Amino acid sequence: MSRSPLESTPAAAQQPARPAATDCAHCKLPVPAALIRPEDEAQYCCPGCRTVAEAIQASGLSWYYQLVDQGEEAQPARTTGRDYAECDDPSFAEAHVRTTARGDLETVFYVEGVHCAACVWLVEKLPQVVPGVREARLDFGRRLVTVRWQEGVVNLSQIARALDRLGYPPHPVRLGSEQLLRREEERRQLIHIGVAGAIAGNVMLIAFALYGGWFHGMEEGFRAMFRWTSLGLALLAVIWPGRVFFRGAWGALRTRTAHMDLPIAIGLGAGLLGGAWNTVQGVGEVYFDSVTTLVFLLLVGRTLQERQQRKAFDAVAMLSALTPRTARRLEGATVREVPQAALRVGDRVEVRAGESVPADGRIVEGSADFDLALLTGESVPERRGVGELVHAGTVDRSDRVVVEIVQTGADTRVGQLMQLVEDHARRRAPLVRLADRLSGWFVAIVLVLAGINAWWWAMSDPGMALEHTVALLIVACPCALALATPLAVAAAIGQAATRGILVKGGEVLEQLAQPGLLLLDKTGTLTEGRMELQSWQGSDEARAAAVALESRSSHVLARAFVAGSAEGPMLSAEDVHETVGGGLSGRVAGRAVLVGSPSFLAEHGVRLDEVGTEAAQGLEQVLAAGRTPVGVALDGSWAGWAGFGDPLRADARASLDALRARGWQIGVLSGDHPRVVAALADPLGLDPAVCRGGMSPEDKLQYVEAAAREQRVVMVGDGVNDAAALAAARVGIAVHGGAEASLAAADAYLTEPGLAGLTRLFAGSRRTLGVIRRNLLLSLGYNTVGVSLAMAGLLHPVAAAILMPLSSLTVVSSSYRARPFPDA
Amino acid sequence: MNLLYLILPIALLIGAGFVVAFIWATRKGQFDDLETPAMRALFEDARRAEAAEDGTEKSA
């Protein structure tokens, strides 16, 4: 580019006369006072925006700011600053990169941060930013960018870094045959809808001519031509786009299950054959307009529902794509970022604070507190040192460690649990939908009525028997009935997604509409999943001394202690010594201070166990309350107890009360200590008998399986340890921050923390089922009227032609007017 | 009125032509992404402005 980045940018030009510009030059959000640099022309609200704005200007892409729609919701830019070295790994290329017909390389990234048209422009300008990139195409709806580049000219990691710097952190997307198949399937559906629609329109036009002939008379030659033409078109509609219904009906017959396709196929078949017979005979009615419209409308309804469900599926899949799958492998003196799949037994990897362990391994250097909550549900982190085993998926909460891998992939603890999930997902019986249950009865009733009808007319007027029976079968065809559920579900799933609730299927909504047994995981679901100082018993002096000592430690409880005792001047501690997994010793203001677990204090000669003393009673109280005790001793004698716990979410009680009022039974399944779980029962108003602690993932699975035999079980959880139970429950719901495994196993996902989303999901499900019921009732009403008229021999074909689309239109408007998930 | 015998097949043929065009377009992936192309229309201005700056007005 010929332009230099120093030229005045449109961004600056847009706000010229404001010396104290306090809006971010990149995202237009207000800039915090502390970040304002008076000497600079442009101000930024965060480092992310600064990085991105600089990258944009350096690449001569400042046109971005003229494209940004001011009406759009502003969003600060985010960059990760990662080096994406894993993208250059051969194993990465194998899974994610393909070669195009022209010999270029191609990959697909899911990008964060895309929010408006200007983003599309910026991302697609990638070839200008990174030489060697041939093309970048962004699919705005799916946030997927397809990048094509020349092999050897540029590395994928450079491309990924460039996207990151522009404020769109990329995440690899697996390029499987599955995606290609799905794209083909979507195109095929669209073609079917197009063909069915074109045929329906043309047949409708011909039908108008025929109806006109009904009233004003028509030459026999024209009449025959119109009938034969529409017969041909209807035949095409039924055997091309419409064959899906016959396939479904055949499947239902073979497996002896009720399915909506069965009555549809009977109606379509009767209409087509009856019409064909009459066309050949040259007398009576043809029903091809009804038949073709039916095929078209049903396909539209079905596709709409499938697209919404797929969107929810995609959103969940993308969430799991956001979890990084890389590890930092030590190779001699250097550290290299590699995909987790490339790790081998014996590799050494570095795990820093805040990261999760990539594979099962043994610590060979350092020690740290590990959060095992995702695996065990245990809320207190555990200290692990050299020689000890750490599992994949556990999160390092304090210090850097080096881990030697002993097990990878499917052999890890997480891998085994995922196997359990998969087994369950396969064995799970499909949920029977209300509409399908209804359709079984519907078919039976219609066939019985048709039989009676045929017999009656055969007795009284044999010439009209066939005519009236076919009319009945056609008018009874459940067009509206078949649209009732898909449309209501499509509308509900779409709305739910905008409220942060991702639902994978319509059956889920139907199941959640009626109460049953609701089982909740504790950590992260009912509680906030972090440690807090909840009680203190002892002197202020001891507390101040303990805080002085604890402020020198990075242990989770130590940090919680300091955070929970903010007031007062900070004393200074000397001779601080930390015992891993025990506590701290040191001197504060001339006194010897010990802070740590009861066993740590006892080891140092502090007497805690004499019955009746304040120390012993205090410890009992802390334990009885389900808290983790930390003791403080001054000069070798006990001086105080601190109790730590995972605080309940603010909305937990209110949400549970609301659910109980709806008739839900509520229980808690947790991997945490039974005492900790029992302590929840009272503040949440739960029966202590249903609050179970100390459960392993297998225990949870067993419990859910046993309960599911007796009643409808809904399981809510977030961890890998819940995943199998989520899969085994009738409906599994994963909550905010959940592990990848639980996302895969769950039927619905709440993107907001807390239980408010859960109550909203249940309320929305109830309303959706209400809409479905109303739709079914409406369409059954139309059918009843139509069938009665047909049986009485009064059904004029014009009346049938009006009744059919009218019933469908009623259902369509009823579905889209309903708002099952209103704004919060 | 006998013209009808001719008009109906012609009308159907024209209709079939459009259906074939639709099928072709779908197979080519024209309907895979319905959101982004609407946004790309906005880039026309950016492209023109760039071309003007380069001093070589290109027809878009």
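How much area is buried between chain A and chain B, and what percentage of it do carbon and sulfur atoms give? In this predicted model, about 2,700 Å² is buried between the two chains, and carbon and sulfur atoms give 68% of that. Buried area here is the accessible area (1.4 Å probe) that two parts lose on being put together, summed over both.

A few ground rules come first. Local features need pLDDT of at least 70 and side-chain atom pairs count only at pLDDT 80 or more, while totals for chains, interfaces and linings use all residues; side-chain values use heavy atoms, with hydrogens and water left out. Residues are numbered from 1 along each chain as its sequence is written, with chains lettered from A and ligands numbered from 1 in the order in which they are written.

In terms of contacts (heavy atoms within 4.5 Å), 32 residues of chain A touch 28 residues of chain B. The rule picks out two salt bridges across this interface, a salt bridge being a side-chain nitrogen of Lys or Arg within 4 Å of a carboxyl oxygen of Asp or Glu. One pairs the side chains of A:Arg187 and B:Asp32, at 2.5 Å from N to O.

On the chain A side, at least two residues each come from helix H5 (117-124), strand E3 (133-139), helix H8 (177-216) and helix H9 (220-239). Helices (H or I, at least four residues) and strands (E, at least two) are DSSP runs, numbered from the N terminus. H8(A) gives the most to this side, with nine residues. By type, the chain A residues that touch chain B split into 17 nonpolar, seven polar and eight charged. Nonpolar covers Ala, Val, Leu, Ile, Met, Phe, Trp, Tyr, Cys and Pro; charged means Asp, Glu, Lys and Arg; the others, Gly among them, go down as polar.

As for burial of single residues, buried means under 20% relative accessible area, exposed over 50% and partly exposed in between (1.4 Å probe, protein chains only). H5(A) is mostly covered, with eight of its eight residues buried, among them A:Trp121 and A:Glu124. Chain B has three helices and zero strands, and 23% of its 60 residues count as buried.
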